[in-house]
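Trainee: Could you walk me through reading a few features of a model, step by step?
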Amino acid sequence: NNALKFTDTGKIVYGCSKKDFNTLLFYVSDTGIGISNKNKDEIFAPFRQVNDSLSRKYDGVGLGLSICKGLIELMGGSIWFESKVGVGTTFYFTLPFKRANLLTNDILIPAQLEFDWKNKKILIVEDDQFNSQYITKILEKTKVNFFSASDGKSALKLIDENSNLDLILMDILLPDVSGLELTRLIRNFNSKIIIIAQTAFASKEDEKKSLEAGCNNFIPKPINPQNLLQMMNIYLNK
């Protein structure tokens, strides 16, 4: 965010690499206004920008880098920067790295739990591409027929075109309409289709709102594959 804020022309580059076997090195480099040597000691101090005129021109209270420094050091890393006025700035930080003993990229689902939903149709309403792919991966071995929608408008279109849908996995936060409002709209013309709300807001109050909107059930994110499959199976095998 700082690189974007303080760079009017040129470029911003960021990335990471292995510094050594146990350390990752991250960097953010820009061609912005730069930082003078006399102000270098103030950069990581809370509520400080290099001068008052920057606060007026660029906005901000000067907390971001202080928070970054605190978080990085809590995780065992360090942060520093190199800069030249009028040329640009590069911030670096390190974090400890320990390679996991990863044996497979597959989502692990207990072998004894086998589901055969080849005659069922479901709709996945999820605007986040990675979450959608994750759910698709969970359902891969069930042989279920599924459709995907990234917003309320496309979801309603798919429901209209597929009147024999059995179940909807409904994300609550969508770009054009909330999942709860979309559920209410669906219930105006379809009271039978099963709707399972899925959301990162997983309090009892959120669960209550989902059920009141017309959802049949509720599952919190991050989604546990086994819990999702078992919940879906209750409805799909009725």
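Trainee: Is threonine 89 buried or exposed, and why?

Mentor: Buried means under 20% relative accessible area, exposed over 50%, and partly exposed in between (1.4 Å probe, protein chains only). Threonine 89 counts as buried because its relative accessibility is 5%. This is a predicted model, where local features need pLDDT of at least 70, side-chain atom pairs count only at pLDDT 80 or more, and totals for chains, interfaces and linings use all residues. Residues are numbered from 1 along each chain as its sequence is written, and side-chain values use heavy atoms, leaving out hydrogens and water.

Trainee: Which residues is threonine 89 in contact with?

Mentor: Contact means heavy atoms within 4.5 Å. Beyond neighbours within four places in sequence, the contacts of threonine 89 include Val28, Asp30, Ile35 and Phe81.

Trainee: How do I read aromatic pairs?

Mentor: A pair of aromatic rings is described by the distance of the centres and the angle of the planes. Rings of Phe, Tyr and Trp (its six-membered ring) pair if their centres lie within 6.5 Å; planes under 30 degrees apart count as stacked, over 60 as edge-to-face and the rest as tilted. The structure holds six such pairs. One of them is tilted, joining phenylalanine 44 and phenylalanine 81 at 6.0 Å centre to centre, with 55° between the planes. Both phenylalanine 44 and phenylalanine 81 are buried. Phenylalanine 115 and tryptophan 117 also form a tilted pair, at 5.2 Å and 45°.

Trainee: How buried is tryptophan 117?

Mentor: Tryptophan 117 has 1% relative accessibility, so it counts as buried. Phenylalanine 115 is buried too, at 11%.
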